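Try each task before you read its solution.

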Amino acid sequence: MSLRRVVVTGLGAITPLGKTAPAYWEGLKAGVSGAAPITRFDATKFKTRFACEVKDYNPDDYFERKEGRKMDIFTQFGLIAADEAIQDANLEGVDKDRVGVIWGSGIGGLTSLQAECIAFANGDGTPRFNPFFIPKMIADSASGNISIKHKFRGPNFVTTSACASSSDSIISAFNYIRLNMADVMVTGGSEAAVTESGVGGFNALKAMSERNDAPELASRPYDKERDGFVLGEGAGALVLEEYEHAKARGAKIYAELIGGGMSADAYHITAPDPEGNGVVLVMQNALRDAGISPADVDYINTHGTSTPLGDGAEVKAIQKVFGEDAYRLNISSTKSMTGHLLGGAGAIEAVACILAMQHDLVPPTINHFTDDPELDPKLNFTFNTAQPREVNVAMSNTFGFGGHNTSVIFRKVRD
Amino acid sequence: MSEIAEKVKAIIIDKLGVEASEVTPEASFTNDLGADSLDTVELIMEFEKEFNVSIPDDQAENIGTVGQAISYLEEHAK
């Protein structure tokens with residue numbers, strides 16, 4: 001059987017730069033940092049006291065109180081972004097038995113897990129766990145809640161591969177449509193780990209920036225003085241749809257999803273392979289799946305988390321895969337602005353790639369001050385300001401603890 | 001209204017997101033106040049916590065209305 005073509009017909013996002021996809025794009029375009037001191041808990045004693053939170057977030061703006069309190073914040077973010085994408089795609093009248101939801105989350109309901117454990121520890125040993133605790137905490141509650149709200153009865157589950165989770169969800173959704181197991185898939189991912197256990201845990205891994213005196217300058221991928229990632233939160237959502245199905249109903253088509261690649265480092269549970277072998281393989285796998293050559297790619301939205309080791313390994317891998325073509329690329333890490341959304345990163349970065357294609361504008365890598373002598377100065381990292389460029393093909397890379405690597409490729413639609 | 005009845009009503013209003021006027025003694029949690037099975041479990045747990053009682057499952061099954069909750073708690077609350 002031949003594989004069916006898959007296009008993007010809806011976008012949604014709730015991010016540290018803005019609470020809708022258009023607001024997010026405005027922030028990306030302007031090169032705004034989403035980092036600020038942590039407001040969700042008292043971080044006085046923490047090594048890192050800032051994060052990229054979704055600003056002025058109040059669940060009551062989106063949910064009935066009774067409905068909202070039964071969902072962890074990561075599920076709330078998921079529903080908000082998914083609702084925007086579903087509305088954007090205008091799925092009225094589509095056969096809901098043929099619409100599925102595959103969501104991504106690296107952690108799930110960490111806030112809920114932490115709150116229930118604290119309450120138990122503070123009690124007298126009597127187990128008074130809330131009946132909503134498990135359904136709030138489990139990572140699949142986002143995909144479950146999206147399907148329940150919209151009555152989508154197609155395939156439904158969650159992918160978990162740490163910071164690659166929502167690129168894996170996009171590829172899974174892509175495959176279900178390609179294989180004719182669904183016509184429309186709502187996909188993406190969300191994360192909300194700005195909690196004591198999230199920040200403390202990542203601090204213990206020595207993975208996060210500790211630039212507390214200047215949070216907005218902390219996420220600086222490819223800068224010599226980078227000192228770790230900045231934790232972000234939020235969600236991104238895409239509606240994927242079979243091409244003929246989208247055309248037949250006159251849907252607005254943003255882009256075509258032409259390929260996805262996956263690989264594992266098989267090296268270390270948290271450290272990247274310094275040679276970037278798994279990352280070379282994942283980009284090669286994605287290019288082969290898309291049926292294009294390195295010369296066809298215009299823009300790579302990198303994983304680029306601003307860690308000393310990871311950024312260099314990815315760049316080395318890009319040069320191995322792209323050779324001389326690497327110098328024609330625009331490369332940028334939008335995590336310099338959004339921070340790292342962990343299981344939501346792949347989704348919001350896919351949205352960034354698609355909007356870059358739509359506007360023919362490459363969002364920047366902000367906070368560049370000092371060149372890293374380890375990185376080839378002939379590469380174009382789109383430092384500090386957005387660059388106009390015709391973007392026909394964009395690639396988004398994400399990698400997760402565990403050594404998971406995932407890469408997706410979008411192209412402007414042509415017949 | 002007794003202090004216990006006041007507190008029971010407040011818990012129901014808070015947990016089920018309903019208006020005070022709906023919380024009549026005859027109102028059924030599931031049929032009138034929109035509770036599902038998990039909401040009902042949560043309500044019972046809140047009553048246990050607020051009134052420092054332990055409500056056995058077989059007795060919890062008989063607490064289906066606002067009035068039943070109030071009379072059970074007026075009898076058992078410490």
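Let's begin with a convention: angles under 35 degrees count as roughly parallel, over 145 as roughly antiparallel, 65 to 115 as roughly perpendicular and the rest as oblique. The model is predicted, so local features need pLDDT of at least 70 and side-chain atom pairs count only at pLDDT 80 or more, while totals for chains, interfaces and linings use all residues. Residues are numbered from 1 along each chain as its sequence is written, chains are lettered from A and ligands numbered from 1 in the order in which they are written, and side-chain values use heavy atoms, with hydrogens and water left out.

**Exercise 1. Describe how helix 10 and helix 11 of chain A pack.**

Step 1. Two packed helices are described by the angle between their axes and the distance between the axes. Axes are lines fitted to C-alpha atoms, for helices over the stretch in contact, and angles run from 0 to 180 degrees between N-to-C directions. Helices (H or I, at least four residues) and strands (E, at least two) are DSSP runs, numbered from the N terminus.

Step 2. For helix 10 (residues 277-290) and helix 11 (residues 308-322) of chain A, the angle is about 45° and the axes are 8 Å apart. Helix 10 of chain A and helix 11 of chain A are therefore oblique to each other.

Step 3. Their crossing is right-handed; a crossing is left-handed if the near helix is turned anticlockwise from the far one by less than a right angle, and right-handed if clockwise.

Step 4. Now pick out the residues in contact (heavy atoms within 4.5 Å). Helix 10 of chain A contributes A:Asn277, A:Val279, A:Val280, A:Met283, A:Gln284 and A:Leu287, and helix 11 of chain A contributes A:Glu314, A:Ala317, A:Ile318, A:Lys320, A:Val321 and A:Phe322.

Step 5. Sorted by class, this contact of helix 10 with helix 11 of chain A has eight nonpolar, two polar and two charged residues. Here Ala, Val, Leu, Ile, Met, Phe, Trp, Tyr, Cys and Pro count as nonpolar, Asp, Glu, Lys and Arg as charged, and the others, Gly among them, as polar.

**Exercise 2. Where is A:Cys163 placed, and is A:Cys163 buried or exposed?**

Step 1. An unreviewed UniProt entry lists A:Cys163 for "active site"; UniProt positions are given in the numbering used here, feature names are shortened, and annotations may be inferred rather than shown by experiment.

Step 2. A:Cys163 lies in the loop between strand 5 (156-159) and helix 7 (165-178) of chain A.

Step 3. With a relative accessible area of 8%, A:Cys163 is buried (buried means under 20% relative accessible area, exposed over 50%, partly exposed in between, with a 1.4 Å probe and protein chains only).

Step 4. Not counting residues up to four places away in sequence, A:Cys163 touches several residues, among them A:His303, A:His340 and A:Phe399.

**Exercise 3. Which residues does B:Lys15 touch, leaving out those up to four places away in sequence?**

Step 1. Find B:Lys15 in helix 1 (residues 3-16) of chain B. B:Lys15 counts as buried, at 14% relative accessibility.

Step 2. In chain A, B:Lys15 touches A:Arg65, A:Lys66 and A:Arg69, and in chain B, B:Glu42, B:Leu43 and B:Glu46.
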